[in-house]
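Here is a short report for a reader meeting this structure for the first time. Please look at the sequence and the model, then read on.

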Amino acid sequence: MSVKTTRPPRDLWAACEGVSIVEFALVVGLLCTLVLGVLDFGRGYWQFNQVRTAAQAGAQYAMINGFNSTSITSAVTGATSVSSLTATPAPAQTCGCPNTSSGITAATCGAACTGGGTADTYITIGAQASYRTIFTWPGISNPMTLSSTAIVRCC
C-alpha cells in the first residue's frame, strides 16, 4: 500500500495548512515595529521631561536666590543626569509686562503695563538637550533638540 504525499495542483488553492504561521509572521513584524517605536519615543519623552525639570530647577533657584547667571546655569545642568543638557539660551534678566500670548513684553521697569499693573523684573531660564533615537524613523530628524523655557518674576 502506498501513501499519497502530494496533492493535485487544483487542490492547492483550497489548502489551509500553514496559513496561521504566515499570518503570525505578518503580525509579528508589525507588533515589533510598534513596540520599538513606543520604546524609542518613550525614552525621548522621558528625556524631554528631564529637560523641563532642569529649566524648572533653574527657575526655582532664581526665585529663591535672585539673578546670578553662573549659579542658575549650574542649577540647570545639575538638576538631572542627562549628559547633553545645557542651559541654552543663557539665563537672562529683563524688565517687562506679562503677556498671555507670548510670555513677557519688554518694558521699562516701573512703567505702566497695558493690562494694568507695572513692569517688573523677570528671569528667563532655558534648558536644551540633544536626543538621538535608537532607530532611524522616516520624517523624524536625528538627532533632535529638546528644549524648555521657564520664566519667573524676580524680586
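Leaving aside its neighbours within four places in sequence, which residues is T80 in contact with? They are Q50, T53, A54 and L85. The model is a predicted one. T80 sits in the loop between α3 (69-77) and β1 (92-99). Is T80 buried or exposed? T80 has 14% relative accessibility. The cut-off for buried is under 20%, so T80 counts as buried. The side chain of T80 also reaches the backbone nitrogen of V82, at 3.4 Å.

**Overall layout**

The protein chain has three helices and four strands. Along the sequence they follow the pattern α-α-α-β-β-β-β. The chain holds 155 residues, and buried residues make up 25% of them. Take the contacts with a separation of 6 or more: residues 24 or more positions apart account for 60% of these. The chain exposes about 10300 Å². Carbon and sulfur atoms supply 61% of that area.

**A nonpolar patch**

Which residues make the nonpolar surface patch of about 830 Å²? The patch is made by I21, V22, F24, L26, V27, L30, L31 and L34. One of them, V27, lies in helix α2 (residues 19-65). V27 has a relative accessible area of 44%, so this residue is partly exposed.

**Salt bridges**

Side chains of opposite charge can pair when their charged atoms come close. How many salt bridges does a search of the whole structure find? The search finds two. The table lists them.

| Salt bridge | N to O distance |
|---|---|
| R43 and D40 | 3.9 Å |
| R153 and D120 | 3.6 Å |

R43 and D40 are both in helix α2. They are three residues apart there, so about one helical turn separates them. R43 is partly exposed, with a relative accessible area of 38%. D40 is buried, with a relative accessible area of 0%.

Now take the salt bridge of R153 with D120, where the closest N and O atoms are 3.6 Å apart. R153 lies in strand β4 (residues 144-154), and D120 lies in strand β3 (residues 120-131), so the pair ties together parts that are 33 residues apart in sequence. R153 counts as exposed, at 55% relative accessibility. D120 is partly exposed, with a relative accessible area of 25%.

**Aromatic pairs**

Y45 and F48 form one that is tilted, at 6.4 Å centre to centre and with 40 degrees between the planes. Y45 and F48 are three residues apart in helix α2, so about one helical turn separates them. F48 is partly exposed, with a relative accessible area of 25%.

Why is the pair of F135 and W137 edge-to-face? Their ring planes stand at 80 degrees, and planes over 60 degrees apart count as edge-to-face. The ring centres of F135 and W137 are 6.2 Å apart. F135 counts as partly exposed, at 33% relative accessibility. W137 is buried, with a relative accessible area of 18%. Ring pairs also link F135 and W137 with F41 into a cluster.

**In brief**

T80 is a buried loop residue.

Terms used. Residues numbered from 1 in each chain as written. Predicted model: local features only at pLDDT ≥ 70, side-chain atom pairs only at ≥ 80, totals over all residues. Heavy atoms only, no water. Helix = DSSP H or I, 4+ residues; strand = E, 2+ residues; numbered from the N terminus. Buried < 20%, exposed > 50% of the residue type's maximum accessible area, 1.4 Å probe, protein only. Polar contact = N/O pair within 3.5 Å; in protein donor to acceptor, adjacent residues only side chain to side chain. Contact = heavy atoms within 4.5 Å. Patch = residues over 30% accessible without salt bridge, like charges linked within 9 Å, V, L, I, M, F, W, Y side chains within 5 Å. Areas by Shrake-Rupley, 256 points an atom, 1.4 Å probe, with all protein chains shown as cover. Salt bridge = Lys/Arg side-chain N within 4 Å of Asp/Glu carboxyl O. Phe/Tyr/Trp six-rings, centres within 6.5 Å; stacked < 30°, edge-to-face > 60°.
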